Amino acid sequence: MFRMGFYPEYRGHLCLLFPFLCDWRNVRRFGMPSVFIKTYGCQMNERDSEAVAAQLVAKGYVVAPEEADADVILLNTCSVRDAAEQKALNKMQTLIGQTRKHNPDAVLGFMGCMAQSRGQELIDQLPDVDLVLGTQKFHRAGEYLDDLLGGRRDKVVDTAEETGSEATIREHLSLGASEAKAVTAFVSIMQGCNQFCTFCIVPYTRGRERCRSIEDIVAECRELVAGGVREITLLGQIVNSYGKREIGVRDGKSAFVQLIEAVHEIEGLERIRFTSPHPKGYGDDLVEAYARLPKLVENAHLPVQSGSDRMLKLMHRGYTRERFVDLVGKLRAADSEMGIGTDIIVGFPGETEADFDETLSLCAEVEFDNAFLFKYSQRRDTPAAAMPDQLPESLIEERHARLLEAVDVIRVRKLKEYIGRQMEILVEGPSRRNAARLEGRTRCNKIVVFEGGERFIGQVMDVQIADATKTTLYGDPAILNLN
Ligand code: SAH
Ligand code: SF4
Ligand code: F3S
């Protein structure tokens, strides 16, 4: 139900609809408050929304299938680029227009990164908003909503820091709902970021790095696997910084590798993924783990941002192009099937044609399986926003289009190379494009769509790749190892 994805501001809303709540018409009769959550931003936000929904359901709330029906509407927001903030602000404006007419008592709230970075300012700008919940306060959603719905408080803004809040994002919703057992799940292992890349707002919205204990994370993973989950994605802003200070290196293994090993022990778990690692902290112990730990799939999302050393330095990324290329080489040597994805920012302040050419040549050299391209967006209070030579929008657009074309050609060519091959997939559920078909993922993170019955969902099986479009592989099941 909660699928592995990338940047959901491109993927529409996350509608938290679960089968055990399907008899929606009964809900109002029994007077249970209903909640609708729409999610913008990254996988961390998807995970936070799920945890908030789980918390509210445990308190007796029900999840509304449509925003129009809900007593509480929450927008879980992202600040990483201006466009993401504008989307959530426009949506709230529309909601205010609609709900205040039909459902004047509905509670409207912002949570997540924009709530954290803008706080009270959001209510000053949109006085109909009732709740602003920061990134260290998700676990307080139920208490605040009870107060607002019960009329005990008129407005709540809480963006304070809270020690231990990183350990509160652990409840999942889909367990126990037999018809819709989740096959994949996200598990948040840490919060925050200490890297302070000069363009990035995340350290200000998510705070400093704080990690959960290995025992706590493993216990959550065990429960998920007992409920039918077969693939777990460990989440953090820089996952390979996990536990650096708190846990440290043991027997030559970083805390992150120790965590992967502990999760790897869980019987019944088929696959482990993680996102996003930082190239700077990708040690040999982690590279070596791919060859040693069979459940760790051959995939790394490694955001490079630029191919120019001059830009990388100005961005405060902490690695050079040479080190990045070297790391990709090591990963591919550890496993030739390794899928490598990346993020790239186009139009960082001062980026010259020569710098941009370096990014084009890096993409040609590395041949990423997947690249997310972002137009540089000035973020308040970040050092890059005050740098000279901010580029005009038209130039950023033009470079973005050129790079997009280049990475698309590479991606499609690489996808076509899979035609005729037999690949192992984990079947996640109905295809998003065509619900009559099924969809699974290869270990290297390629989506494969095929014809098949519901009984395949949750199975690891082999498919013969018959065709490829720009983003998707199409397969015939070659059911050799169905287990
Ligand atoms: N922690 C991850 C990235 C999280 S943000 C990492 O460092 O690897 C996701 C992506 O958004 C970044 O990789 C970057 O490419 C992009 N991004 C961040 N700030 C941006 C900005 N100000 N403008 C455009 N893109 C940005
Ligand atoms: Fe942002 Fe850099 Fe931290 Fe990633 S590593 S979240 S880009 S500051
Ligand atoms: Fe956006 Fe916050 Fe994620 S700013 S990218 S939702 S950590």
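Q: What makes up the shell around ligand 2, in terms of nonpolar, polar and charged residues?
A: In this predicted model, the shell around ligand 2 divides into eight nonpolar residues, three polar and one charged. Among the residues around ligand 2 are Cys193, Phe196, Cys197, Gln237, His278 and Arg317. Arg counts as charged, while Cys and Phe count as nonpolar.

Q: Where does ligand 2 sit?
A: The space that ligand 2 takes is the largest cavity. A molecule is assigned to a cavity if more than half of its atoms lie within 2 Å of the grid points of that cavity.

Q: Which residues surround ligand 3, and how do they divide by type?
A: Ligand 3 is surrounded by Cys42, Asn45, Cys78, Ser79, Val80, Cys113, Arg206 and Gln237. This shell divides into four nonpolar residues, three polar and one charged. Ligand 3 sits in the largest cavity.

Q: Why is Cys197 called buried?
A: The relative accessible area of Cys197 is 9%. Buried means under 20%, so Cys197 is buried. Cys197 is also one of the residues around ligand 2.

Q: What makes Met114 buried or exposed?
A: Met114 has a relative accessible area of 0%. Because buried means under 20%, Met114 is classed as buried. Met114 is found in helix 4, residues 113-118.

Q: How do you know which residues Met114 touches beyond its sequence neighbours?
A: Contact means heavy atoms within 4.5 Å. Leaving aside neighbours within four places in sequence, Met114 is in contact with Thr77, Cys78, Ser79, Glu85, Ala88, Leu89, Gly119 and Leu122. Met114 and Thr77 are 37 residues apart in sequence, and their C-alpha atoms are 5.4 Å apart in space.

Q: Why is Glu261 called buried?
A: Glu261 has a relative accessible area of 19%. Glu261 has its place in helix 9, residues 255-264. Not counting residues up to four places away in sequence, Glu261 touches Lys253, Arg292 and Leu293.

Definitions and conventions:
Residues numbered from 1 in each chain as written. Chains lettered and ligands numbered in written order. Predicted model: local features only at pLDDT ≥ 70, side-chain atom pairs only at ≥ 80, totals over all residues. Heavy atoms only, no water. Helix = DSSP H or I, 4+ residues; strand = E, 2+ residues; numbered from the N terminus. Buried < 20%, exposed > 50% of the residue type's maximum accessible area, 1.4 Å probe, protein only. Near = heavy atom within 4 Å. 1 Å grid on protein atoms, 1.4 Å probe; cavity = no way out; pocket = protein on both sides within 12 Å on 5 of 7 lines; lining within 4 Å.
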